[in-house]
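Keep the 3D view open beside you and follow along as each element comes up.

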Amino acid sequence: MTSNDPAPVVLIDDDVDLLKATRQTLELAGFSVSAFRAAADALAELDAGFSGVVVSDIRMPEIDGLQLFDRILELDPDIPVILITGHGDIAMAVKAIRDGVYDFITKPFAADRLAQSVWRAAEKRRLVMENRALREAAEQAQDGLPLIGQTPAMERLRRTLRQIADTDVDVLVTGETGSGKEVVASLLHSWSRRAKGNFVALNCGTLPETVIESELFGHEAGAFTGAQKKRIGRIEHASGGTLFLDEIESMSPSTQVQMLRVLEMREVTPLGTNEVRPVDLRVVAAAKVDLGDPSQRGAFREDLYYRLNVVTISIPPLRERRDDILLLFGYFAERAATRFRRSVPAVPAAVQRHLREHDWPGNVRELAHFAERFVLGLEEGSRAQAAAPVDLDDAMPLPERLERYEADIIRETLGRNDGDVRRTIEALGIPRKTFYDKLQRHGIVRSDFSK
């Protein structure tokens with residue numbers, strides 16, 4: 001569920017008329033409602049991935065509201081449950097709230113009373129789900145640039161990597177500079193049964209043509225001037241593991257011919273010998289250009305492209321997934337703060353504007369370096385706020401840091417707009433209702449920022 005999607009609500013009431021009326025109330029308030037007359041039917045639709053709120057009557061046959069709440073606690077204790085009763089049992093309400101029920105509403109109730117409670121509960125659930133996604137993405141991050149993101153493109157990318165990782169199919173990865181092509185190759189290796197073998201990376205664009213053949217295929221002692229001892233090539237060293245060829249579009253035509261034979265025969269012949277050595281490897285190649293486009297392919301062999309193009313993975317540039325930028329910036333800023341023993345400063349308006357409007361030609365790598373400079377106070381607008389070193393043992397958990405980070409952004413935006421609600425909401429890009437809920441959650445008093 002994104003912040004713009006209707007929050008899902010599961011509604012349970014065995015009274016058909018009340019069920020219909022309550023459903024209408026919630027739908028008019030902007031929720032997506034699934035209504036059930038029996039708790040058992042509702043439970044069949046719930047799991048830990050449910051991103052919304054449960055609203056239930058208490059007095060019901062078979063499974064009542066309190067029993068339903070106990071079952072939901074077993075599924076996911078963070079799913080907000082709002083219970084409704086017409087009996088006004090104060091002792092029951094106190095116990096339910098103490099046990100973790102989000103809210104307890106007595107009949108008859110005003111429509112706004114229920115809608116407001118569900119809005120607050122839905123916002124809480126959204127934050128829980130966002131924090132879980134961030135933790136999951138952080139756990140999946142490898143050394144280097146992680147594939148963090150909640151946009152559909154990044155979710156599809158991670159899903160595809162999981163599906164093909166444990167196969168031996170060769171893969172072609174395309175993406176702009178800094179988009180994370182080597183990270184993709186590394187994940188394909190570490191998530192596969194080849195993880196115990198070597199992950200060997202070679203940038204074809206950084207080695208001169210006179211050296212790359214020896215680097216790839218190895219050589220025997222005396223094979224050429226300066227070859228004083230035998231050398232195992234990168235391809236042979238990757239046997240049993242993964243060979244990653246970055247900027248493969250830069251590979252020389254002669255080396256392309258030899259590489260084509262390696263892919264077809266799975267064998268190498270080192271320089272200075274006629275010995276043929278079998279290799280067991282998976283090849284992941286990466287290119288900055290579209291090798292399928294003849295105008296971009298240039299001198300790259302068409303037959304080598306088709307041999308590599310068994311599976312192609314395209315990494316979207318950062319400018320095409322702007323909804324991930326703030327999430328990535330927060331991750332990189334926290335990582336930089338840990339590395340440099342600093343706390344993350346509040347994000348001023350100039351930095352927020354840069355994050356929103358910059359095209360990020362260097363992609364995720366550029367954003368990571370920007371976050372590091374920001375934490376160090378080296379970016380314009382952050383120097384005055386560069387923080388002193390902190391004791392990392394006392395650092396807050398990630399969800400609390402994100403809450404503090406959000407509150408700082410809201411306070412800074414309110415201050416910049418002199419407490420004007422309309423301008424602040426436009427700058428933050430959130431609904432008015434969400435804005436007021438966040439003020440309440442963070443204990444922010446809007447009038448404190450008015451002139």
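Of the 451 residues in this chain, 46% count as buried, meaning under 20% relative accessible area, with exposed being over 50% and partly exposed in between (1.4 Å probe, protein chains only). Before going further, please note that this is a predicted model, in which local features need pLDDT of at least 70, side-chain atom pairs count only at pLDDT 80 or more, and totals for chains, interfaces and linings use all residues. Residues are numbered from 1 along each chain as its sequence is written, and side-chain values use heavy atoms, with hydrogens and water left out.

The chain has 18 helices and 14 strands; these are DSSP runs numbered from the N terminus, helices being H or I of at least four residues and strands E of at least two. Residues 24 or more positions apart make up 70% of the chain's contacts with a separation of 6 or more, where contact means heavy atoms within 4.5 Å.

Let's begin with the sheet that holds S1. Five strands, ordered S2-S1-S3-S4-S5, form an open sheet with parallel pairing; two strands pair if DSSP finds at least two bridges between them. At the edges are S2 (32-36) and S5 (103-106), each pairing on one side only. From one strand to the next, the twist averages 20°. S1 (residues 8-12) and S2 pair in the parallel sense over five bridges, and Ile12 has Phe36 in S2 as its bridge partner. Helix H1 (residues 16-28) packs on this sheet, touching S1 and S2, and its direction makes about 170° with that of S2. Such angles run from 0 to 180 degrees between N-to-C directions, with axes fitted as lines to C-alpha atoms, for helices over the stretch in contact. Helix H4 (residues 90-99) lies across S4 (81-85) and S5, running at about 160° to S5.

Now find the sheet that holds S6. Here, too, five strands form an open sheet with parallel pairing, in the order S7-S10-S13-S6-S14. Its edge strands are S7 (199-203) and S14 (311-314), each of which pairs on one side only. Four bridges join S6 (residues 171-174) to S13 (residues 282-287), and these strands run parallel. Val171 stands opposite Val284 in S13. Helix H6 (residues 152-164) packs on the sheet and touches S6, S13 and S14.

For a helix pair, turn to H17 (residues 421-428) and H18 (residues 432-442), which pack at an angle of about 100° with their axes 10 Å apart. That angle makes H17 roughly perpendicular to H18, a label covering 65 to 115 degrees. Val421, Thr424, Ile425 and Leu428 in H17 meet Arg432, Phe435 and Tyr436 in H18.

Finally, look inside. In soluble globular proteins, nonpolar side chains tend to be buried together. The largest nonpolar core has 28 residues, and Ile235, Leu243, Leu245, Ile248 and Met259 have the most contacts inside it. Such a core is a set of buried Ala, Val, Leu, Ile, Met, Phe, Trp, Tyr and Cys residues joined through side-chain atoms within 4.5 Å. H10 (253-265) is among the elements that each supply at least two residues of this core, and H10 gives the most, with four residues. Ile235 touches residues including Leu216, Phe217, Leu243 and Met259. A second, separate core of 25 residues includes Ile148, Ala337, Val351 and Ala371.

Technical notes: Angles under 35 degrees count as roughly parallel, over 145 as roughly antiparallel, 65 to 115 as roughly perpendicular and the rest as oblique. Lists of a residue's contacts leave out its neighbours within four places in sequence.
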